[in-house]
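Hi,

Here is the structure I promised to pass on to you. Please have a look, and then read on for my notes.

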Amino acid sequence: KLLDNLWNVQIINILNRSSYTMHPKIIHYVAKQKPWKLYSWNFYKEYYFKYLKLTAWEFDKNEILNISTKGKLMSILAFAKYRPLTFLRPRFYKAFYETYLKPEAKIPYSNHNTFFVWEPCSKSHAEVVPGFVKYLLDLGYDATAIVHPNRLKEGLFARFANKNLHLCAMTKNQALAFFKSKGLENAKGIIVTTAGKIVENFDYAGAKKIFGNTASDKKVILVEHEIKDAVDAGKLPEDIVTLRNMDYKNAKTVSVNPHYFGEISNTSKNAVSNFVTVGALRSADKNGKKNTQIIIDAVTDLHKRGISNFKVTVIGKGSIRLPEEIKKYFNFCGRLSFAQMYNEIDKADFFLTAYEKEKPAHVRYITSGTSGNFQLMYGFLKPCIIADFFAPINGLNDKNSILYSENSDYADAMLKAINMQAPDYEKLKQNLKNLADCIYLESKENLRKLINE
C-alpha cells in the first residue's frame, strides 16, 4: 500500500512544501542538505546528531560545523547560490531562526525501555535524581535524567556513569513543552521527583495528563517530599512515592528512598575527627529547618573542656556569628556544587544533624516529610550525631549512629565520636551500610511493584 508522505519527508522540501513536513515519521537527508554541512538549514538537523551520539562515531558537532560569525555568513551565501529564490519564501526565515537564533533544541533520549527521571524544581531536590536512576537501571530499564542545566553543570552525576544512563539539561518550561508535544510516545514511563512543582490543588490525576497517553504501558510516577497538606485535604493517592514510610494520619504511600550518588571512598577515620553538616545555616528560630546554634554550643563546650582534635565542615549558604575562640574549629564552605559537596562529605567521618523535637518544622522530618540529610548519610555511609527522638523511623540506632537525648548532651555525643577507635568506627559504618542495603532492597522492590501494577 502507498505510505503517507510523513514516512518520507525529504529535507530539501522543508522550505517549500506543505505542512506535512512539520511532523515527519521518517526524515530523509537527501541531496546537498546533509546535516553535517554548515549551510544545511532545516528543522530536523538535531535529530541526526541525537542518534549519532548513540553510535561509536560520536563527535562534537560544533567542531565539524565550525559555527562562527564568518561561518554563518558563508552558510547564507552558499545557500543563496544553491537556491537563489529562497529569500522570497517566508519559511526561509523560520528555518533561519530555527537554525541559528532559537536556543538549541533539547531532545531527551528515549526508547521503548526508557524511564525519564524529571526534576522540575530549578533549585532544590536534584540530589534524589541519581538514586531514582540507580533503581531503574538495576531493574533493567534505560534511564534519561532531565534536570535543570545548572544542576548538571554542578556535577550532579559526577560520580555516576552507566551506558544506559542518558543526561538531558532542560529548564522546567522546556521539559513541559517537550512532554506536552511528545508525551511519553517512545518511552516506558516517567518519575517526576518533585510532584509539587507540576501539581496544582492536589490534582495528581490532572498532572499526569501532561504526559499524554497514560495507558498501562506508560507509567507516570509522582514523588512527594511533603504530604501534610494533601493528606489534610483528603487528596493524596496511595500510589504516591515518598522518600520513606510516612507517619501522618495513617496515610499510605509507596516508600522509595533514593540514596545513591555514585562511587564513594571507603576512608578510615581521620586522626582529627571531621564532622560535616549540610544545609543552610539557621539560628534557633521557631520555623528554621535546623538549629545550627546547637552545634555551636557543643563546639564551645568541647573547647572549654580542652578538646581540640576535631573540625566541623559546614556546607550551605548563609552565615552565623561565632565566638572568636571557636572559629578555628569551623570550615565554612558556603554553597558548593554537587561535585564539591560529594568530595567534602567523602572526606568526613561523621554527619551532624541539628533537629529539635520542640520545633514543628523539625518534627515533620519524622511525620509528613523528610530531610535530604538522611539520603546523604545512607549514600556516603557517614554515621550521624542525632537526637534519639528522630532516629527510629529513619532506621537509626546506637549500633549505626551516635544518639543523644537532650541538647545538653550534644557535646558528649561529639566527644564519643572523637574518641572512637578505628575498629569501633568500622563497625558503626558496617551497620549503617547494612541499613542502607536493606533500605535499597525494599525500595527497589516497592518501585518494581509500582511499575508493574
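Predicted model: local features only at pLDDT ≥ 70, side-chain atom pairs only at ≥ 80, totals over all residues.

The protein has 15 helices and 15 strands, and buried residues make up 50% of its 453 residues. If you take the contacts between residues at least 6 apart in sequence, 68% of them join residues at least 24 apart. The protein exposes about 22,100 Å², with carbon and sulfur atoms supplying 51% of that area.

Six strands make up an open sheet with parallel pairing, in the order 12-11-10-13-14-15. Strand 12 and strand 15 (402-404) are at the edges with a single partner strand each, so one side of each has no neighbour in the sheet. On average, neighbouring strands here are turned by 25° against each other, direction ignored.

Within this sheet, strand 10 and strand 13 (residues 350-352) run parallel and are joined by two bridges. Phe 275 has Phe 350 in strand 13 as its bridge partner. Helix 13 packs on the sheet, where it touches strand 10, strand 13 and strand 14 (384-387). The direction of helix 13 makes about 175° with that of strand 13.

Helix 11 (residues 338-347) is worth a look too. Its buried residues are Phe 338, Met 341, Tyr 342, Glu 344, Ile 345 and Asp 346. They pack against strand 10 (273-278), strand 11 (310-315) and strand 12 (330-334), as well as helix 6 (149-153) and helix 13 (372-380).

Best wishes

Key
Residues numbered from 1 in each chain as written. Heavy atoms only, no water. Helix = DSSP H or I, 4+ residues; strand = E, 2+ residues; numbered from the N terminus. Buried < 20%, exposed > 50% of the residue type's maximum accessible area, 1.4 Å probe, protein only. Contact = heavy atoms within 4.5 Å. Areas by Shrake-Rupley, 256 points an atom, 1.4 Å probe, with all protein chains shown as cover. Pairing = 2+ DSSP bridges. Axes fitted to C-alpha atoms, helices over the stretch in contact; angles between N-to-C directions.
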